Amino acid sequence: MVADVKTRKVKTRDVKLAVCEYDETGDPSAPTVVLVHGYPDTQAVWEPVARLLAERFHVVTYDVRGAGASGRPRRTRAYAMEHLADDLRTVIDAVSPDRPVHLVGHDWGSVQCWGAVTGDALGGRVASFTSVSGPCIEHFGQWVRDRLRRPTPRRLAELAGQFARSWYLVFGAVPGVPQLFWRFGGTRLFPVLVERTEGLTREPAPTFRKDALYGMKLYRANAVRFLRPGDRCRTTVPVQVVAPTKDAFVSPHQSRDLAPYVDRYWRRELPAGHWGAVCTRPDVLAGWITEFARYIEGAPQPAALAAAEMAGAAR
């Protein structure tokens, strides 16, 4: 059965966001799952996962500011975390005004969700958060500093592995370079790089070049957060991390040290690349999201989920 997909625009303070709602259940009491995409994607990247989840949930995706059919502010500071959190809050209030949602983010979608759930922007509006290949900027900065302060061979190896994956951050930080890359051949080269590194063939969105150019503002607008103490960014929202072990951009090691920042924390590894969990293993990811959301809603905890719960989380 194909889920019934409804589209609409949701107006925030400064942009209109393109929103899709998948509702196969027809049950107005079904919990809502909100899926937030990363860079340089659009909400279309979530379609395989969304259609599977729609068998049990009211599923929502949206193009973040600067991407797809949503508005594209010109000023870099319009892409700062507080604006992204305001967008997310506006979407949640529009699609599930009377009930907290289950939040899922991939790549920069996960990064911005971390920024929202560790602040007060979404107070009481999120029942659970599943993070895929996108760390909290402050937590990641603390992870790096901890390894530099107390270096051991293992910690230095982990750090070297992440730095090797972070070449794109240096690329994005050099003024003018990202614009030149995307304007002169980058849109053709990027799908080739993804295919070579992940064995994944992806068809870029029609808006891909604009998505890539405007999305770079996310990095510049939020880079300073890397220097903030990680322990100031805690959350009481139950968190599940899905760590792809073949991720070419985010080391799976950094998600092992999140217990001090969350009340309850589950971690699962998936043998896949950066986009693999979303694009090539949507059945696995949708199953894990479903297990987690149903448990938070009051169902018994499956044995596999119980085994993934990390000890030592803050209480």
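These are my notebook entries on a predicted model, taken one spot at a time.

**Entry: α7 and α8**

I began with a pair of helices. Helix α7 covers residues 177-198 and helix α8 covers residues 208-222. Their axes lie 10 Å apart, and the packing angle comes out at about 130 degrees. Angles over 145 count as roughly antiparallel and 65 to 115 as roughly perpendicular, so I put α7 and α8 down as oblique to each other. The crossing of α7 past α8 is right-handed.

Next I looked up who makes the contact. From α7 I noted Pro178, Gln179, Trp182, Arg183, Thr187 and Phe190. On the α8 side I found Phe208, Arg209, Ala212, Leu213, Met216 and Arg220. Sorted by class, this contact has seven nonpolar, two polar and three charged residues.

**Entry: Tyr214**

While I was at α8, I picked out Tyr214, which lies in that helix. Is it buried or exposed? Its relative accessibility is 19%, and buried means under 20%, so Tyr214 counts as buried. Setting aside residues up to four places away in sequence, I see Tyr214 touching Gly66, Arg72, Pro73, Arg74 and Tyr79. I also checked Tyr214 against Tyr39: they are 175 residues apart along the chain, and their C-alpha atoms are separated by 9.9 Å.

**Entry: α2 and α3**

Another helix pair came next. Helix α2 (residues 81-95) packs on helix α3 (residues 108-117) at an angle of about 90 degrees. The two axes are 9 Å apart. An angle from 65 to 115 degrees counts as roughly perpendicular, so that is how I describe α2 and α3.

α2 brings Met81, Leu84, Ala85 and Leu88 to the contact. α3 brings Trp108, Val111, Gln112, Cys113, Gly115 and Ala116. I sorted these too: eight are nonpolar, two are polar and none is charged.

What does Trp108 contact, leaving aside its neighbours within four places in sequence? I wrote down His37, Gly38, Tyr39, Met81, Leu84, Ile137, Leu218, Tyr219 and Asn222. Met81 and Leu84 were already on my list for the α2 side of the helix contact. I also looked at Arg294, which is 186 residues from Trp108 along the chain; the two C-alpha atoms are separated by 25 Å.

Then I turned to Asp107, in the loop between β5 (101-106) and α3. Asp107 is not a glycine, yet its phi is positive, about 55 degrees. It counts as buried at 11% relative accessibility.

**Entry: Ser133**

I found a positive phi again at Ser133, near 55 degrees, in a residue other than glycine. Ser133 sits in the loop between β6 (126-132) and α4 (137-149). With a relative accessible area of 5%, Ser133 is buried.

**Entry: a cis peptide bond**

Which peptide bond did I note as cis? The one from Tyr39 to Pro40, with omega near -5 degrees. Pro40 is in the loop between β3 (32-36) and α1 (47-53). Tyr39 had already turned up in my notes as a contact of Trp108.

**Entry: cysteines**

I searched the whole structure for disulfides and found zero. Cys20 is in no disulfide, and the nearest cysteine sulfur, in Cys279, is 16 Å away. Cys20 counts as buried, at 14% relative accessibility.

**Entry: Ser255**

My last stop was Ser255, in the loop between β7 (239-244) and β8 (265-270). At 2% relative accessibility, Ser255 counts as buried. Leaving aside its neighbours within four places in sequence, I find Ser255 in contact with Val241, Ala243, Tyr265 and Arg267. Val241 is 14 residues from Ser255 along the chain, and their C-alpha atoms are separated by 7.3 Å.

Notes
Residues are numbered from 1 along each chain as its sequence is written. This is a predicted model: local features need pLDDT of at least 70, side-chain atom pairs count only at pLDDT 80 or more; totals for chains, interfaces and linings use all residues. Side-chain values use heavy atoms; hydrogens and water are left out. Axes are lines fitted to C-alpha atoms, for helices over the stretch in contact, and angles run from 0 to 180 degrees between N-to-C directions. Helices (H or I, at least four residues) and strands (E, at least two) are DSSP runs, numbered from the N terminus. Angles under 35 degrees count as roughly parallel, over 145 as roughly antiparallel, 65 to 115 as roughly perpendicular and the rest as oblique. A crossing is left-handed if the near helix is turned anticlockwise from the far one by less than a right angle, and right-handed if clockwise. Contact means heavy atoms within 4.5 Å. Ala, Val, Leu, Ile, Met, Phe, Trp, Tyr, Cys and Pro count as nonpolar, Asp, Glu, Lys and Arg as charged, and the others, Gly among them, as polar. A disulfide is a pair of cysteine sulfur atoms within 2.5 Å. Buried means under 20% relative accessible area, exposed over 50%, partly exposed in between (1.4 Å probe, protein chains only).
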